[in-house]
Amino acid sequence: MKHVDPYRDPALCRELAQAIAKLCRRPVRFMELCGTHTMAIARHGLASLLPPTLEFVSGPGCPVCVTSAGQIDQAVALAGLDGVSVATFGDMLRVPGGQGSLAQARSRGGDVRVVYSAMDAVDLAQAMPGRRVAFLGIGFETTAPTTAAAILRAQALGLDNFSVLCLHKLMPPALAALLDGPDLGLDGFLCPGHVSTVIGAAPYQIAAERGLACVICGFEPVDILAGALMLLRQLDEGRPRVEIQYARAVEAQGNPRARAVMNQVFAAVDAPWRGLGWIAASGLAARPEFASFDAAKVFGLDLSEPPEPPGCLCGQVLRGLARPPQCALFGRACTPESPVGPCMVSSEGACAAWRSYRRED
C-alpha cells in the first residue's frame with residue numbers, strides 16, 4: 001500500500017481541509033463528473049472535512065448508470081438467443097431495463113458470463129467455437145480502446161463467433177450537453193482522471209470558456225481535496241481554466257495511441273443516455289469494415305427506450321438536480337439488495353455510495 005499511502009495521509013488531508021475552509025468564503029457547487037470520484041468522496045468521508053459552503057454533486061460519469069434501459073433490453077435480448085453467450089462485466093448483471101436484467105435472463109436459462117476484460121471475452125470465443133460470444137462494451141474513453149483492441153485481436157485470430165454490443169459513451173459530448181442544458185448552478189467540475197488519461201485536457205476547455213473552473217483529479221483523499229482547493233483558487237483569482245492535479249497519470253495531450261486504436265475501429269454515433277436522453281455523437285459503433293463484429297447488426301437488435309420506473313430519480317441524480325435521499329424510493333423500494341434504478345446498482349453509482357457510506361446525511 002506504500003504507493004497510495006502519501007495520498008491518504010491524514011495530516012495532509014487536515015491541512016488541505018483547513019486551506020479549503022479558509023478560501024471557501026461563499027457557497028460553491030462543484031460537480032464530480034466521474035463515478036469513481038463519487039464513491040471515493042463517500043467512502044473516505046470527505047464531505048465531513050469540507051465546509052458547509054462547499055457542495056459536491058454527482059454527474060453523469062458512471063458508465064453503468066448512464067447505460068439506457070433500451071440498451072439493457074438489447075443485452076437481455078441477446079442472452080435469450082440460442083447458441084449465444086453474453087460476456088459482461090459483473091456490474092451490468094443487476095442493472096434493470098424494461099425487460100428485466102441480465103441476472104434475470106440468466107435465471108431463465110440464458111448463458112451470461114462475467115469477464116474481467118474484453119480480451120477475456122475473445123479468449124472465451126476462441127475456447128467455444130460452437131457458440132457465438134457477444135461482449136458488452138461499456139464505459140467511456142477509458143475502456144473503449146481496450147474493446148477496440150479486442151476486436152482487432154479477434155480479427156487477427158480469424159474468429160467469426162465474437163462480436164461486441166457497443167454501449168460505450170464519450171465524455172466531451174455529455175459535458176457539452178450539460179453546459180447547453182438548464183443552468184445547474186455549478187461553479188466548476190472535478191474532471192475524470194481515468195478518462196483524461198486518454199482524452200487529455202483540451203476537451204474541458206469548453207467549460208472553462210463558460211466561466212467554470214476545471215481540475216482533472218486523481219481518486220485518493222489527498223487528490224480530491226487538493227483538486228477542490230485548486231478549483232477554489234481558480235474562482236478566487238477569477239480565472240477559470242483547465243488544470244491537471246492528477247499529473248502522475250494524465251498528460252495534457254492524453255494518449256494519442258489509445259485514441260488511434262479507438263478511432264480505427266469505432267466511429268461516433270448518436271446515443272441514448274439515462275437521465276440525459278439522446279446526445280449527438282456521444283456513443284461509438286463499429287466502422288463498416290468491422291460490421292461483422294457489431295452485435296447489434298449481427299443479431300438485428302432493435303433499440304427502443306422504455307419509460308423509466310415510476311418514482312425513480314436516477315435521471316435527476318445523474319444531472320446534479322437531486323441528491324439520492326430526495327428520491328422517494330431511496331432506501332425503501334430501492335436498496336442495493338433490490339435496486340430499482342442503476343444508480344443503486346453500480347459500484348460507482350451515487351445512490352449506492354450514499355447508501356453505503358452517507359446514511360447519516
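1. Pairing, defined at the outset: two strands pair if DSSP finds at least two bridges between them. Strands (E, at least two residues) and helices (H or I, at least four) are DSSP runs, numbered from the N terminus. In general, strands of a sheet pair through backbone hydrogen bonds, either parallel or antiparallel.

2. Basis of the note. This is a predicted model, in which local features need pLDDT of at least 70 and side-chain atom pairs count only at pLDDT 80 or more, while totals for chains, interfaces and linings use all residues. Residues are numbered from 1 along each chain as its sequence is written, and side-chain values use heavy atoms, with hydrogens and water left out.

3. Strand E10 (residues 266–273) and strand E11 (residues 277–286) run antiparallel, joined by 7 bridges. Which residue in E11 is the bridge partner of Ala 268? It is Leu 284. E10 and E11 form a hairpin, with 3 residues between them. In the turn, Gly 275 has a positive phi of about 95°.

4. The open sheet. Its 5 strands follow the order E2-E1-E7-E8-E9, with parallel pairing. E2 and strand E9 (242–244) are the edge strands, and each pairs on one side only. From one strand to the next, the twist averages 25°. Angles here run from 0 to 180 degrees between N-to-C directions, and axes are lines fitted to C-alpha atoms, for helices over the stretch in contact.

5. Strand E7 and its partners. Strand E7 (residues 188–192) has 5 of its 5 residues buried, so it is largely enclosed by the rest of the structure. Buried means under 20% relative accessible area, exposed means over 50%, and partly exposed lies in between (1.4 Å probe, protein chains only). E7 pairs with strand E1 (residues 28–32) in the parallel sense over 3 bridges. Here Glu 32 stands opposite Leu 190. E7 is also joined to strand E8 (residues 213–217) by 5 bridges, again parallel. Phe 189 has Cys 214 in E8 as its bridge partner.

6. E8 and E9 run parallel, with 3 bridges between them. Ile 216 stands opposite Ile 244 in E9.

7. Ser 58. This residue is in strand E2 (residues 54–58). Is Ser 58 buried or exposed? Its relative accessible area is 14%, so Ser 58 is buried. Its side chain makes a polar contact of 3.3 Å with that of Glu 32. A polar contact is a pair of N or O atoms within 3.5 Å; within protein, one must be able to donate a hydrogen and the other to accept it, and residues adjacent in sequence count only if both atoms are side-chain atoms. Leaving aside neighbours within four places in sequence, Ser 58 is in contact (heavy atoms within 4.5 Å) with residues including Met 31, Thr 38, Arg 319 and Ala 350.

8. Two packed helices. Helix H2 (residues 35–43) and helix H16 (residues 350–357) pack at about 10°, with axes 9 Å apart. H2 and H16 are therefore roughly parallel to each other. Angles under 35 degrees count as roughly parallel, over 145 as roughly antiparallel, 65 to 115 as roughly perpendicular and the rest as oblique. Thr 38, Met 39, Ala 42 and Arg 43 in H2 meet Ala 350, Ala 352, Ala 353 and Tyr 357 in H16.

9. Arg 257. This residue is in helix H12 (residues 256–265). Arg 257 counts as exposed, at 71% relative accessibility. Its C-alpha atom is separated by 18 Å from that of Arg 287, 30 residues apart along the chain.
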